[in-house]
Amino acid sequence: MAFKSKIKWVALFVLTLSLASLVAHLSMTKFSSMNLVQYSAKEALIHDFPNTGSPTRRNKRLWGAVRSLESLQPHANPRSSYPVPDENTNGFIYAKVFGGFEKIRSSICDLVTISRLLNATLVIPEIQQSTRSKGVSYKFKSFSYLYDEEQFIMLLKNDVNIVKSLPEYLKAARRRSEFPTFKPKNSASPNFYVKEVLPNLKKAKVVGLIVTDGGCLKSILPPSMSEFQRLRCRVAFHALQFRPEIQILGLRMVERLRVSGQPFLAYHPGLVRDTLAYHGCAELFQDVHTELIQYRRAQLIKQGIINDELSVDSHSRRENGSCPLMPEEVGLLLRALGYPSKTIIYLAGSKTFGGQRLLIPLRALFGNLVDRTTLCSKTELSDLVGPEAPLPADIFRLPLPKSEQQLIDQWKRAGPRPRPLPPPPDRPIYQHEKEGWYAWILEKDKEPDPSPMEHRMQAHRLIWDALDYIVSVEADALFPGFNNDGSGWPDFSGLVIGQRLYERASSRTYRPDRKTIAALFNITRDDMYLPK
C-alpha cells in the first residue's frame, strides 16, 4: 500500500514539473517571438577568419589589380565647345520608362541625351514599376523611389534643363492625351529624333516618349557626336545617384563584408527569364521552368522580337556561348582558378530564375556565399521601402464545380475505348500551392496579370538591385554569369562592369568566354569534381 502511495506522489511531482516547464516555455515564446535572432553573416565571417582587423596577404593573381589598365583614368567632362543649355528650349519631353533596374538606368541615360540633342526641357522620367498604383510607399514618387532627384537635376544643370513636372497649364492637356506620343526602339538613330520628333516638339511644345526596350537611342553614336556619348557617361556614372538611404545601407553592407579583413568576390548569375527565352535555353532547366521559358519565347516570337523557331536545341546554344554559365559551373571554375573554399562570395541579383535549387552546388563549394538577406536585418530592408498601405487579400477561389451534364459530355469526348480509369477525386488546393509567379502554368494557357502583391514586389526588387549594384561595384573581384549576350538589352553585369571600368579600370573583373568554357566542361564532364 505504501509503495503505491509513493508512486502516486512521484507521478504527481513529475506532472507538476511538466506543467511548470510548459508554462515557462509558453511565456518565453510569447515575450521573445518578436526578437528572434537572425542569422548574421558578419558573425559567421568572423568565425571563419578569426584574425579580424589584422592585415592579410592577398594573392595577387586572384585579387591584384590589372597592371596594364592602371594608367586609365575616368574623364567624362566635355572636351570641346559645349554651351550651357538655353532657358528658351523647344519644349518639354516627358517619358514613361518600363522594365527592370538595368532597363531603367539605361533608358534614363538615353532620355537625357535626346533632350540635349533636341534642345528640350526634360521632365523627370516616370518609372512605371514604382508608381503609386504599384502599391509603393506614399513617401516616394516614381523616380525618387530609387534615385536622388535633387542631385540628378543639379549635376546635369550644365547639360540639360530638367524640371520635376510639367507646368500646371499643360497637365490637363496631357491627361486628355492631346500631345503627340512616340514609342522609339532602342536602336533609334539621332536622325529619327531630328526629323520625326523635333517638328512635333516645336509645334505642340510637349511630346511624350514611351520607353520599353531598355533604351531609346542606339548605343554607338557617330564620332561627330562624341560629346553626346560623354554625356551618357556623366548621367550613368555621376548624375544617377541612389537616394541617400540606399547608398548608406549599400556601403554598410560592403563594410560588413570586409569586417573580417578578407577580400570578397561579387557574382551575378544573370539567370533572367526574358534573356533565357531570347536565346532558347529552356532545356537547361527542368519541369515548370522549361515551360515558363518556352511560353515567354512564344510571346517574343509573336511580338517580332525573335525571328526563330520556338523549339531549339538548348545544348547547342550553350556550346555556342549563348546561354549563361550555371552556378555549379561558376563554382567549379572559381575553384579551378585557385579561389579557396572559404572565399567570401556576394550573390547579387534580386531574383534568380530557377530558384535556390540551382545555387545548392555553389553553396556546397563555397560556404561563405552571402546575399543581402544575410547581411541586413529585416528592419533595415523594410525601412528602405517605407510605410506601405495594406493590400487587399488575394484569396484563391476554386473553380466552379461542373454539372452532371458537363461531366457526361466530357466523358463522351474522352476518346476511343478502352479508356483509362477515371482520375481520383480532387484534393483540396492549399494557399501555399497557389502562391508564386509560376503556379498559373499548371492550369492555364495564358499568363495572368500580376497581383497587387506581385506589383509591389517588383518595385521592391528595384531597391534590392540597387543594393547589389553598390556592393558589386565595390567588390574586390567580379564574376558575371551572363553578360554581353547580344540581345541588345542592357544587363545588370554589363552596367556593373562599365561602372567598375570607369571608376577603377584596373580592378579585377572577369569576362568569361562562355563558348570556350562550355567546350572545356564538355571535355571534363565525367571528371568535374576530381581535384586536377
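In the predicted model, helices H4 (101-117) and H20 (492-503) pack at an angle of about 50°, with their axes 9 Å apart, where helices are DSSP runs (H or I) of at least four residues, numbered from the N terminus, and axes are lines fitted to C-alpha atoms over the stretch in contact, with angles running from 0 to 180 degrees between N-to-C directions. H4 and H20 are therefore oblique to each other, the class left once angles under 35 degrees are taken as roughly parallel, over 145 as roughly antiparallel and 65 to 115 as roughly perpendicular. On the H4 side, Phe101, Glu102 and Arg105 meet Phe492, Leu495 and Gln499 of H20, contact being heavy atoms within 4.5 Å. By class, this contact has 3 nonpolar, 1 polar and 2 charged residues, with Ala, Val, Leu, Ile, Met, Phe, Trp, Tyr, Cys and Pro counted as nonpolar, Asp, Glu, Lys and Arg as charged, and the others, Gly among them, as polar. Residues are numbered from 1 along each chain as its sequence is written. Local features need pLDDT of at least 70 and side-chain atom pairs pLDDT 80 or more, whereas totals for chains, interfaces and linings use all residues, and side-chain values use heavy atoms, with hydrogens and water left out.

H20 also packs with H8 (residues 226-239), at an angle of about 90° and with the axes 11 Å apart; H8 and H20 are therefore roughly perpendicular to each other. Here Ala236, Phe237 and His238 of H8 meet Gly498, Gln499 and Tyr502 of H20, a contact that divides into 3 nonpolar, 3 polar and no charged residues.

The second largest pocket has a volume of about 1,100 Å³, a pocket being, on a 1 Å grid over the protein atoms alone, an open set of points with protein on both sides within 12 Å along at least five of seven lines, and lining residues having an atom within 4 Å of a point. Of the 40 lining residues, Ser106, Ser219, Pro490, Gly494 and Leu495 are the closest to the centre. H4, H8 and H20 each supply at least two lining residues, and H20 gives the most, with 7. The lining comprises 16 nonpolar, 16 polar and 8 charged residues. Domain 1 (74-241) and domain 2 (246-271 + 324-387 + 453-524) both contribute to this lining, so the pocket lies between them; the domain bounds come from an automatic or database domain assignment.

Conventions:
On a 1 Å grid over the protein atoms alone, a cavity is a set of points where a 1.4 Å probe fits but cannot get out, and a pocket is an open set with protein on both sides within 12 Å along at least five of seven lines; lining residues have an atom within 4 Å of a point. Grid points are joined across faces, edges and corners, and a volume is the space filled by probe spheres set on the points.
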